[in-house]
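User: I'd like to learn how to read a ligand site and a helix packing. Can you walk me through it?

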Amino acid sequence: MKILLTHGYFLCEDEIEQKILKPYPPLGLLYVSAYLNEKSITHQVFDTTFSTIDDWWSNLLKEKPNLIAFYVNLMTKVRVIELINRIKKEPSLTAMKIVLGGPDLTYNQENYLAAGADYLIIGEGEVTMLELVNTLSDNGDISNITGLTYLENNSIKKNPPRAKLKDLDLIPNPNRAAVPIQKYLDCWKNAHGQSALNVSTQRGCPYTCKWCSTAVYGQSYRRKSPEKVVEELLLLKETYQPDTFWFVDDVFTVSHKWLRGFNDAIKATGLEIQYECITRAERMNDEVIQLLKESGCFRVWIGAESGSQKIIDAMDRRVDVNQVRDQLIATKKAGIETGTFIMVGYPGETYEDIMLTAEYLEKALPNHFTITKSYPIKGTQLYTEIESKITVKPDWNTTTDRQINFERKYSDAFYRYAIRYIYNRVNLKKQQRNNSLKIKVRIKLFISSIMLRILAK
Ligand code: B12
Ligand code: SF4
């Protein structure tokens, strides 16, 4: 059977990312590819990131695989569905089977099948994909493949869930050789002076933040051994020489024991790296900061999402805002760059909560922060909570969950100004600290503050 693995992310079509220019190879897809390779399943990988849709299409018509498998997430859904439609309309591709995998499937299975997919791989993809390919090749019975959903006589057949992989050390490293890694590194280097490569050491997260999707790994926590991770890093250094690494793990410092082991393994091999990671404040302390620094961490993102404890609690984030602030300050003091994430427009959030968020950021003064207007991802607890209050739910096939809107306390304009206001307040504080106060920021803050007060009424 001729198999093609691909995804639907085209950098040339993403105007926002063209400004950010921080692309990463599709790790999940490359894990699946590595596993198929290990089991001697011949296949092709077509990485769309630096390609055009025309090139992708030409390759498809040339190769005419029997089975095409896409990675799909909330954002790439729209493009993947367009590509599926195109395949369905092409007479020479009618026999081709379409498989989907990735985080957006679990809670949208009916929609993806209605959009033309033949098979959905729910959860971790490695073993399910292998079993599907083998079973289809042998004309076998797919009803025994756990983790698989498909249509049978026009009704949906959801096989029982796939058991989670127990030992991550046993799965092969992502098949990075299948994608043009150098293009990713060059893109980073040209735009930022430093290249970066993504690495995963952990699967699952034991926490319960209501807006976060746990569709693939559930509330689990599994990890590669520190030695295996260091082995992968050494190989990547040797093969690609990236300047930095980004650990895509949900909570990098969740296990202090693991972190000590990681630090020891790095020292034992003499590996020198610089890396960036994400974690939670209550999994930080002075020892952790020291371990991060020693092992090469140059930037850590610690999320609070809000400066108001009331909103943090409403999110079930399970962290104390003062602890987040203190850990951001302590980490920066130790010489590690800090970053944090902010969300506005969460249900229950008021003007006063937004003021608390601005105050919290002024005190914590992270080097970087992002602000998002909260949106409900299907399958999350937030989605369930706001479902009856949805005001805008555009056509599923052509829009993403980011475009779903729900009844909030204030208008859309209020949240736009809230975002500007928070940025302006933090910028002003930073300028005050650096004695480089610019009148422009004061004016911007004044305007956004007045607008916010008017719109809050
Ligand atoms: C790194 C990351 C990013 C990076 C992506 C870089 C890259 N190219 O990898 C950046 C920062 C760009 C990013 C952006 C966004 N992200 Co993001 N991201 C992640 C994160 C933290 C790790 C992804 C990862 O590498 N995981 C490790 C791999 C091994 O896991 P995996 O991809 O799930 O793969 C497994 C299965 O899904 C399956 N599988 C995967 N691919 C395939 C392919 C086939 C053919 C098959 C059969 C199976 C299969 O098998 C794999 C191995 O078992 C995840 C959370 C997480 N912990 O996974 C969120 C996550 C994927 N992101 C999410 C979101 C919402 C976004 C954004 C929409 C955020 C935003 N507001 O802009 C954007 C979308 C960007 C885009 N255009 O696609 C959500 C997706 C929810 C959903 N329903 O789709 C997640 C799950 C976060 C969350 N917990 O809510 N993200
Ligand atoms: S936001 Fe982070 S800590 Fe919370 S559940 Fe998601 S991955 Fe876990």
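**Reading the ligand shell and the helix contacts**

Analyst: Let's begin with the ligand. Helix α2 gives the largest share of the shell around ligand 1, 5 residues. Bear in mind that this is a predicted model.

User: Which elements each supply at least two residues of the shell around ligand 1?

Analyst: Those are α2 (27-38), β3 (67-71) and α6 (126-137). In total, 37 residues surround ligand 1, and the closest are Leu74, Glu126, Ser213, Tyr217 and Tyr375. Sorted by class, the shell has 22 nonpolar, 9 polar and 6 charged residues.

User: Which atom of ligand 1 is 2.6 Å from an N or O atom in the side chain of Tyr217?

Analyst: An oxygen atom of ligand 1. For Asp250, a side-chain N or O atom is 2.9 Å from a nitrogen atom of the ligand. Arg402 places a polar side-chain atom 3.0 Å from an oxygen atom of ligand 1.

User: Now the helices. How do I read a crossing angle?

Analyst: Angles over 145 degrees count as roughly antiparallel. The axes of α13 (residues 351-364) and α16 (residues 439-456) cross at roughly 155 degrees and come within 11 Å, so α13 and α16 are roughly antiparallel to each other. Tyr351, Ile354 and Met355 of α13 meet Leu452, Arg453 and Ala456 of α16. That contact divides into 5 nonpolar, no polar and 1 charged residues.

User: At what angle do α3 and α4 cross?

Analyst: Roughly 40 degrees, with axes that come within 12 Å, so this pair is oblique. The crossing of α3 past α4 is right-handed. On the α3 side, Ile53, Trp56, Trp57 and Leu60 make the contact, with Arg79, Leu83, Arg86 and Ile87 on α4.

Methods: Residues numbered from 1 in each chain as written. Chains lettered and ligands numbered in written order. Predicted model: local features only at pLDDT ≥ 70, side-chain atom pairs only at ≥ 80, totals over all residues. Heavy atoms only, no water. Axes fitted to C-alpha atoms, helices over the stretch in contact; angles between N-to-C directions. Helix = DSSP H or I, 4+ residues; strand = E, 2+ residues; numbered from the N terminus. Parallel < 35°, antiparallel > 145°, perpendicular 65-115°, else oblique. Left-handed = near helix turned anticlockwise from the far one by under 90°. Contact = heavy atoms within 4.5 Å. Nonpolar A, V, L, I, M, F, W, Y, C, P; charged D, E, K, R; others polar. Near = heavy atom within 4 Å. Polar contact = N/O pair within 3.5 Å; in protein donor to acceptor, adjacent residues only side chain to side chain.
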